[in-house]
Amino acid sequence: EEENVLHIGGIFPVAGEGGWQGGQACMPAARLALEDVNREKNLLRGYRLHLHSNDSECEPGLGASVMYNLLYFPPYKLMLLAGCSTVCTTVAEAAKMWNLVVLCYGASSPALSDRNRFPTLFRTHPSATVHNPTRIKLLQKFGWSRVAILQQAEEVFISTVEDLEARCKEAGIEIVTRQSFLSDPTDAVKNLRRQDARIVVGLFYVVAARRVLCELYHQKLYGQSYVWFFIGWYEDDWFEINLEKEGITCTKEQMRMAAEGHMTTEALMWNQNNDTTISGMTAEDFRKRLNKLLKDDGYDIDNDRYPEGYQEAPLAYDAVWSVALAFNRTMERLSKLGNSLKNFTYENKEIADEIYAAVNSTQFLGVSGHVAFSSQGDRIALTQIEQVIDGKYVKLGYYDTQSDNLTWRNVERWIGGKVPQDRTIIRNVL
Ligand SMILES: CC1(C)CO[C@@H](CC(=O)O)CN1
């Protein structure tokens, strides 16, 4: 029985402080997927998928040592799963020395789309650049050809803005100014006002977002003449919480006033319709099973006490299905070549190439939606657009970049009752 096991390594960010502890929900989700794929009769016939998981704490150094332990000790691992952009960068850059495919379920950094640095990286988590075609689509929809950018000086936002600038140029949209700040946005916001910025794309983590919002209130860079685009994966009440704790000088009411009307873009990570996915579950079925699992792990789900990574759990679940489907296809291909995954070693390039080719062409409907990878191994994903209306996020629509299809509900609201202008209009009064 032992010889018919396909071993993979899993590196999850569970403990630790810095970064994204998404392994708390993603590891249970991956284990759920392992049960499901090993129960599928006509998948990996006669073989069992086994996951050796460890905690990286979202620390690249610890992630590297976990990877070496996985690879230096038998049995052979045929693939690695990993989360956190920093850990995936380290693991994926090293993994090519072992001819190993690395599947990242929790890495958003645009830098990971570089096939020269990461020739064997695939990710079920979309790159942060997935927001940009949606932002361009919305600017065009509302006739805005003059936009400003306000960003936090973090690698993920710097490379996202570079992609956004290139797309703006292509679309003939002028970037009137690009302001960045480390942690205090005061001067950057002043410069936005000086440049008469009206339509602004904001890229920062949620703690910086609260500081930006309060600064917008103080400098009156909000309301009917302004449109702000924020990132959509902050928690829904992000602009009303942690104010004292983080030294925000605005009241809840002032934050609500500054936040009213802003739009957000985010990648969809939970399949939106009720279709039955490859696992036989709908996304809702998956949610119910995951919630039960997390309650058994001690999370108080009924009182909104979710573990970190809950949002991305479908990405980890679908990553394991991607592995199983890829190995299934590889086994079929290798048997035609008189070969087998049993002969896998870290030096066997032929088998490594077959595994790569199988992952590259993997496509299926997962609980995170349609799973497919671009030529750089990026997850192809839908995006969702929301707007804060009366203090609550309202879904405005979805965008499918591949087909350039914007599904729009026409429920957006403008504080001044009409679409704001992207610049000051000097009417020549005769
Ligand atoms: C949407 C978010 C929160 C972006 O960061 C990812 C973690 C990372 O890129 O390191 C997890 N998912």
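Contact here means heavy atoms within 4.5 Å. Keep that cut-off in mind; I use it throughout.

What you see is a predicted model, where local features need pLDDT of at least 70, side-chain atom pairs count only at pLDDT 80 or more, and totals for chains, interfaces and linings use all residues. Residues are numbered from 1 along each chain as its sequence is written, and side-chain values use heavy atoms, with hydrogens and water left out.

Let me start with Lys395. Lys395 sits in strand β14, residues 392-400. Strands here are DSSP runs of E with at least two residues, helices are runs of H or I with at least four, and both are numbered from the N terminus. Leaving out residues up to four places away in sequence, Lys395 touches Gln272, Gln384, Ile385, Glu386, Arg409 and Val411. Is Lys395 buried, exposed or partly exposed? Its relative accessible area is 33%, so Lys395 is partly exposed. Lys395 and Gln152 are 243 residues apart along the chain, and 26 Å separates their C-alpha atoms.

Now the ligand. Which residues surround the ligand? They are Trp20, Cys84, Ser85, Gly106, Ala107, Ser108, His125, Trp233 and Glu312. By class, the shell has four nonpolar, four polar and one charged residues. In this scheme Ala, Val, Leu, Ile, Met, Phe, Trp, Tyr, Cys and Pro count as nonpolar, Asp, Glu, Lys and Arg as charged, and the others, Gly among them, as polar.

Next, polar contacts, meaning pairs of N or O atoms within 3.5 Å. The side chain of Ser108 has an N or O atom 2.7 Å from a ligand oxygen. His125 places a polar side-chain atom 2.9 Å from a ligand nitrogen. For Glu312, a polar side-chain atom is 2.7 Å from a nitrogen of the ligand. Taken alone, the ligand exposes 330 Å², and the protein buries 86% of that. Those areas come from the Shrake-Rupley method with a 1.4 Å probe.

Two residues to look at next. Gly83 belongs to strand β3, residues 79-83. Gly83 has a relative accessible area of 0%, so it is buried. Beyond its neighbours within four places in sequence, Gly83 is in contact with Ile11, Pro13, Trp20, Cys88, Tyr105 and Gly106.

Gln21 is in the loop between β1 (5-12) and α1 (23-39). Its relative accessibility is 4%, so Gln21 counts as buried. Residues up to four places away aside, Gln21 touches Pro13, Val14, Ala15, Gly16, Glu57, Cys58 and Glu308.

On to the cores. A nonpolar core is a set of buried Ala, Val, Leu, Ile, Met, Phe, Trp, Tyr and Cys residues joined through side-chain atoms within 4.5 Å. The largest has 81 residues, and Leu49, Phe286 and Phe327 touch the most other members. Helix α10, residues 313-336, gives the most to this core, with 14 residues. Outside four places in sequence, Phe327 is in contact with Leu6, Ile8, Leu44, Leu49, Leu78, Met79, Leu341 and Ile355. Apart from this core lies another, of 59 residues, including Leu138, Leu164, Val189 and Tyr234.

Last stop, Ile351. Ile351 is in helix α11, residues 349-360. At 0% relative accessible area, Ile351 is buried.

Methods: Near = heavy atom within 4 Å. Polar contact = N/O pair within 3.5 Å; in protein donor to acceptor, adjacent residues only side chain to side chain. Buried < 20%, exposed > 50% of the residue type's maximum accessible area, 1.4 Å probe, protein only.
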